[in-house]
Amino acid sequence: MPKVIIPTVFQGPTRGESDFDVEGASIVECVDAIEAQYPGIKDFVIDPATGAVHKFVKVTLNGELIDRDAETLAKPLAPTDEIEVIAAIAGG
């Protein structure tokens, strides 16, 4: 099962949970699996209008930054893959 790591800033819907082992054949399916249990988390990660990763969010797959587009999020995963959601917070 792929593992998904959610940053602290997005853990409101997950009630403080950060690590998830989920059934999913792609990144978007893994996010959907968490959304089914913790409604609201998907809106933090994926823009519903485009199906791509939100502008101020980054996603890594096995430590490598991935493209934000919907096609990349739909690519097949291996059961041992690790997905990490990163909040790209800007300041000024």
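**Exercises: the cavity and the sheet**

The largest cavity is lined by Val 4, Ile 27, Val 31, Val 45, Ile 46, Val 59, Leu 73, Ile 83 and Val 85. The model is predicted: local features need pLDDT of at least 70 and side-chain atom pairs count only at pLDDT 80 or more, while totals for chains, interfaces and linings use all residues. Residues are numbered from 1 along each chain as its sequence is written, and side-chain values use heavy atoms, without hydrogens and water.

**Exercise 1.** Characterise the lining of the largest cavity.

*Solution.* A cavity is a set of points on a 1 Å grid over the protein atoms alone where a 1.4 Å probe fits but cannot get out, and lining residues have an atom within 4 Å of a point.
1. Helix 1 (27–37) and strand 5 (82–87) are the elements that give two or more residues to the lining. Helices (H or I, at least four residues) and strands (E, at least two) are DSSP runs, numbered from the N terminus.
2. The lining comprises 9 nonpolar residues, no polar and no charged; Ala, Val, Leu, Ile, Met, Phe, Trp, Tyr, Cys and Pro count as nonpolar, Asp, Glu, Lys and Arg as charged, and the others, Gly among them, as polar.

**Exercise 2.** Determine the strand order and locate the edges of the open sheet.

*Solution.* Two strands pair if DSSP finds at least two bridges between them.
1. The 5 strands follow the order 2-1-5-3-4, with mixed pairing.
2. Strand 2 (19–21) and strand 4 (64–65) each have a single partner strand, so one side of each lacks a neighbour in the sheet.
3. Strand 3 and strand 5 run antiparallel, joined by 5 bridges; Val 59 stands opposite Val 85 in strand 5.

How values were computed:
1 Å grid on protein atoms, 1.4 Å probe; cavity = no way out; pocket = protein on both sides within 12 Å on 5 of 7 lines; lining within 4 Å.
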